[in-house]
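Welcome! Here is a friendly briefing to read alongside the sequence and the 3D view.

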Amino acid sequence: MIEFISVTKRYPNGAEALKNTNLCIEKGEFVFLVGSSGAGKTTILKLLYRELLPTRGTIKVLGRDVVKLKKREIPFFRRNMGLVFQDFRLLADRNVYENVAFALRVIETPTREIEKRVMESLELVGLKGKVKSKPSELSGGEQQRISLARAIVNQPAIILADEPTGNLDPDTSIDIVNLLRVVNLRGTTVIMATHDQEIVDRLRKRVIEVEDGEIVRDQLKGGYRHEA
Ligand SMILES: Nc1ncnc2c1ncn2[C@@H]1O[C@H](COP(=O)(O)OP(=O)(O)O)[C@@H](O)[C@H]1O
Ligand SMILES: [Mg+2]
C-alpha cells in the first residue's frame, strides 16, 4: 500500500536527504523508522503525506501516485492519513473537543456524526473527561493523546508519527506507543519515526533504519540497533 521506487529528495540548498530509496510497506504493518538526527526520517514521512515532492522517483500510497496528485486532490488524499508530531501541534485557543472535531469540520460532517466520532476517539485515548480543557491545562502526555485522537478521528488508513514520544517521559511514552498499537490492531498501518531505543527494543516490530539518506537496515521484529 506504500511504495517508494528509486526515490531521491534533494532540498533546494543541495542537501540530499534521501538517495535512490526503495521501500515497501503493507497494509496493517507497524513500522519503526530509526536513525540518527538528520538521517532522513522526517523527509520520508513528509514525502508520504505529500508535504514534499521527490526530486526523482515514484511514490505510491493507497494506489495513488503521490507525485501526480493535483493540488486540489491533496486535501482529500490526506484524509487517509493521521499525523502525530513531537510538538503535538494542538490549537492553543480551542478546547480538547474542538481540537479533535476540527479535522471533521473541515470535511463537512453532520454535527451528530462529529460528536459521535470525537467522543469515540477521546474514549480510545482515555480522555473523554477532558473535552472542555484547553491544551495548556493538560500534561504533555495528555496533549499527545489528544493529538492521537485527532489523528484517528477520520478513521485513516495510515498513521504517520514523527518522534511522537520525543517530548515525553519514559512511562508516558509507553502509554502513547501502546495506544498506537491498539490503533494498529484495528487495522491501521502505523509508521513511527523515533529515537527511543527502549520502545523499539520492547516492541519488536519491523525496523527500517536510515543513515545519511539511505536505508541501511530493514528488519522484521528488530531492535533499535542491529545485532549480529
Ligand atoms: N527544509 C530543508 N532544507 C534543507 N535541508 C533540509 C531540510 N529539511 C531537512 N534537511 C536536511 O535533510 C537531511 C535529513 O533531514 P530529516 O529528514 O529532517 O532527518 P531526521 O528526521 O532523520 O532527523 C538533513 O541533512 C537535514 O539537514
Ligand atoms: Mg526528524
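This is a predicted model: local features need pLDDT of at least 70, side-chain atom pairs count only at pLDDT 80 or more; totals for chains, interfaces and linings use all residues.

**The six-stranded sheet**

- S3 and S9 sit side by side in an open sheet of six strands, ordered S6-S7-S8-S3-S9-S10.
- The pairing in this sheet is mixed.
- Strand S6 (81-85) and strand S10 (214-219) are the edges; each has a single partner strand, so one side of each has no neighbour in the sheet.
- On average, neighbouring strands here are turned by 15 degrees against each other, with direction ignored.
- Helix H5 (residues 140-152) lies across S6 and strand S7 (158-162), and it runs at about 165 degrees to S6.
- As background, the strands of a sheet pair through backbone hydrogen bonds, in either a parallel or an antiparallel way.

**The four-stranded sheet**

- A second open sheet is built from four strands in the order S2-S1-S4-S5, with antiparallel pairing.
- Its edge strands are strand S2 (16-25) and S5, and each of them pairs on one side only.
- Helix H1 packs on this sheet and touches S1, S2 and S4, with its direction at about 120 degrees to that of S1.
- Strand S1 (residues 2-10) and strand S4 (residues 56-61) are antiparallel partners over five bridges.
- Within that pairing, Ile2 has Val61 of S4 as its bridge partner, while Glu3 has Lys60 of S4.
- S4 also pairs with strand S5 (residues 64-65), again in the antiparallel sense, over two bridges.
- S4 and S5 form a hairpin with two residues between the strands, where Leu62 takes a positive phi near 50 degrees.

- The chain is divided into domain 1, covering 1-80 + 156-223, and domain 2, covering 90-155.
- The C-alpha centres of domain 1 and domain 2 are 24 Å apart.
- Domain 1 brings 12 residues to the contact, and domain 2 brings 12 residues.
- Which helix gives the most to the side of domain 1 that touches domain 2? It is helix H6 (residues 170-185), with six residues.
- Sorted by class, this side of domain 1 has eight nonpolar, two polar and two charged residues.

**Around ligand 1**

- Which residues surround ligand 1? They are Tyr11, Asn13, Ala15, Ala17, Gly35, Ser37, Gly38, Ala39, Gly40, Lys41, Thr42 and Thr43.
- Helix H1 (residues 41-48) supplies the largest share of this shell, three residues.
- H1 is also the helix that packs on the four-stranded sheet.
- By class, the shell around ligand 1 has seven polar, four nonpolar and one charged residues.

Methods. Residues are numbered from 1 along each chain as its sequence is written. Chains are lettered from A and ligands numbered from 1 in the order in which they are written. A residue is near a molecule or strand if its C-beta atom, placed from the backbone, lies within 6 Å of it. Ala, Val, Leu, Ile, Met, Phe, Trp, Tyr, Cys and Pro count as nonpolar, Asp, Glu, Lys and Arg as charged, and the others, Gly among them, as polar. Domain bounds come from an automatic or database domain assignment. Two residues are in contact if their C-beta atoms, placed from the backbone, lie within 7 Å. Two strands pair if DSSP finds at least two bridges between them. Axes are lines fitted to C-alpha atoms, for helices over the stretch in contact, and angles run from 0 to 180 degrees between N-to-C directions.
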